[in-house]
Amino acid sequence: MPTTYTAATAPGALPLLGHAVAFARRPLEFFAALPAHGDLVRIRLGPRDAHVVCHPDLVHQVLTQDRVFDKGGPFFDKLREVIGDGLASCPAHEHRRQRRMLQPAFHRDRLPGYAALMAEEIAAATADWRPAAEVDVPATMYRITTAATLRCLFSAHDQAGSLAVHESMELITKGVATRVLLPVPGLDRLPTPGNLRFRRAQQDLRRMTQRVITDYRARAGDRDDLFSMLLAARDEDGRGLTDDEIHDQAVTFLLGGMETTAALLAWAWYLIATHPAVRAELHAELDRVLGGRPAAYADLPELPVTGRIVDETLRLYPPGWMFTRSTTAATELGGHRLPAGAIVVYSPLVLHRDAGLFPRPLEFDPGRWTAKDRRGNDTSFIPFAAGARRCIGDGFAVTEATLVLASVAARWQLDPLPGQRIRPALNASLTPRAYTARLSRRVPSDQSSTITAPNR
Ligand code: HEM
C-alpha cells in the first residue's frame with residue numbers, strides 16, 4: 001500500500017466550461033480514464049472544482065470519515081429538494097438517529113417475508129409473456145422492481161394507488177436525473193411543461209403517502225411491510241417520525257430502490273445474452289435447482305452461479321456510479337490538503353474498472369468471484385458503498401435481483417434483437433437505454449420429455 005498518493009488535474013479543461021463537456025458527452029469513459037492521472041484528480045465542472053478520489057484507500061477514508069466527508073455537493077444538494085433530509089441525504093449529525101430507527105426494517109429476518117411478496121410480483125409481471133413476444137427490457141425490469149418495492153413498502157395498498165405511485169415515481173426519477181446533472185442553476189425553477197409535470201408528480205406522491213399514513217395509523221398493527229416499520233420506528237427518547245419524515249423516507253426508499261435494481265437487471269440480461277458460456281452455466285444451475293419453477297428465498301444459497309452474475313454485473317455496471325461529498329472542515333486526503341466546503345466525488349465505476357484492481361476490467365467474467373479473496377472486506381468492490389452510509393437496501397436489492405434472474409431465466413430466454421446498440425443512458429443511475437429482446441420459452445434440460453404445452 002503506498003504511503004503517498006499522487007494528486008493531479010485532469011487534462012483537457014476548456015475555458016469557462018472546464019471538463020463539463022467531456023463529462024456530459026461520455027461520462028463513463030471520462031470517469032474511467034481518471035485513475036491514469038493520479039489517486040486524487042481535480043476536475044472542473046463549470047465554475048466549481050471537484051476532487052475525484054481514484055484510489056481504494058482514499059475512497060475508504062472518505063466513506064468511513066463520514067462526519068468530515070459529509071453528504072453534500074451537487075448530487076445531494078439537488079436530491080434534497082426531492083427527498084428532504086431522508087436517510088440518504090441527511091447530514092452525518094442527523095444520520096445515526098435515523099439509521100438506528102430504520103435499520104430494523106431491513107434486518108435479515110425481514111428478507112424472507114419481502115422475498116415472498118417479490119415472488120408474487122415477479123409471477124404477476126410475467127404471467128402474460130408469450131413465446132416470440134418482444135419486450136423492452138429496461139422498462140419491463142423497472143415495472144417489476146416498482147411493483148415489488150411498492151408491495152414491500154405498502155403491502156396492503158390498492159392497485160390504483162400503486163399505479164399512481166409508479167407514474168409519479170417515473171417522472172420524479174427522470175426529473176431528479178436532469179436536475180442532478182444539469183449544470184445551469186435555476187433552470188429547474190422555470191415554468192416549463194417538464195418542470196410543471198415534475199412538481200405535480202411530487203404533489204401527487206405527497207398526497208398519496210399522506211393517505212396511506214392516515215390509513216395505516218387508523219388501523220394499527222404490523223402488516224409486515226416497510227411502511228408499518230416506518231410508523232413503528234422510535235428513537236432513544238421514544239419519539240416517532242413525523243408525517244413529513246415518513247414521506248421523505250418512503251420516497252427515499254422508492255428512489256433508492258426502484259431504478260437501481262431495474263438497471264442492474266437490465267444490464268444482467270444483456271450480459272447473459274451476449275455471453276453464451278455464462279448463460280449455459282446459469283441454465284444448468286437453474287434446471288438442477290429449480291427444474292422450471294420460480295425461485296424462493298430458501299433457494300438462494302443453492303444459486304451461486306446466479307449470485308456471481310449479480311456481483312459481476314454490479315462490478316461492471318454499478319447502478320449507483322457517482323456520488324458527491326462536501327468537506328465539513330479543512331482536512332487531508334492522501335497527504336493533500338482540502339479546504340472546508342471542497343467537493344469530493346467518488347465513483348464505484350472508477351474502482352471497478354481499474355485494471356490494477358480487477359484484471360481485464362471490461363470483460364464480463366462472473367468466474368472471477370469464485371476466488372475466495374475477492375469476497376469479504378474487499379474495499380475495491382463498492383456497489384453499495386461502505387461505512388456508515390452503506391446502502392441500507394443492499395440485502396433487499398440482491399435478494400430481489402437474484403429472484404428475478406433465477407425465476408425468469410428458469411422459464412424464459414431473453415435475446416436482444418440484432419442491430420441494437422446497447423448504451424448507457426445518462427440517468428441518476430447507470431442504466432441502459434431502451435432495448436428490445438425477443439422471448440423464447442425454456443424447457444429445463446432434464447424435463448424436456450415431460451413438458452408439452454409451449455406457453456405454460
Ligand atoms: C442494485 C440496487 C442498489 C444499489 C446499486 C444501491 C447503491 C447505493 C449506494 C452506492 C449508496 C450510498 C450512496 C452514497 O455513498 O452517497 C446507497 C445508499 C442508500 N440506498 Fe441503495 N442501492 C440499491 C438498492 C437500494 C434499495 C432496494 C433501497 C431501499 C429499498 C435502497 C436505499 C438506500 C438508502 C436509504 C441509502 C442511504 C443509506 C444511508 O445513508 O444510511 N437502495 N445505495
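In which sense do strands E4 and E6 pair, and over how many bridges? In this predicted model, strand E4 (residues 69-71) pairs with E6 in the antiparallel sense, over three bridges. Within this pairing, Lys71 stands opposite Arg325 of E6.

Strand E6 also runs antiparallel to strand E9 (residues 343-346), to which four bridges join it. Here Phe323 is the residue that stands opposite Tyr346 in E9.

Strand E6 itself (residues 323-327) is mostly covered, with five of its five residues buried. Phe323, Arg325 and Thr327 point one way from the strand, whereas Thr324 and Ser326 point the other way. In a regular strand, side chains alternate between the two faces of the sheet.

| Residue | Protein atom | Distance to a ligand oxygen atom |
|---|---|---|
| Lys71 | N or O atom in the side chain | 2.8 Å |
| Leu87 | polar backbone atom | 3.3 Å |
| Arg325 | N or O atom in the side chain | 2.7 Å |

A nonpolar patch lies on the surface, formed by Leu14, Leu16 and Leu17, which together have about 320 Å² of accessible area. Leu16 is located in the loop between strand E1 (7-9) and helix H1 (20-25). Leu16 counts as exposed because its relative accessibility is 77%, and exposed means over 50%.

Note on methods:
Residues numbered from 1 in each chain as written. Predicted model: local features only at pLDDT ≥ 70, side-chain atom pairs only at ≥ 80, totals over all residues. Heavy atoms only, no water. Patch = residues over 30% accessible without salt bridge, like charges linked within 9 Å, V, L, I, M, F, W, Y side chains within 5 Å. Areas by Shrake-Rupley, 256 points an atom, 1.4 Å probe, with all protein chains shown as cover. Salt bridge = Lys/Arg side-chain N within 4 Å of Asp/Glu carboxyl O. Helix = DSSP H or I, 4+ residues; strand = E, 2+ residues; numbered from the N terminus. Buried < 20%, exposed > 50% of the residue type's maximum accessible area, 1.4 Å probe, protein only. Polar contact = N/O pair within 3.5 Å; in protein donor to acceptor, adjacent residues only side chain to side chain. Pairing = 2+ DSSP bridges.
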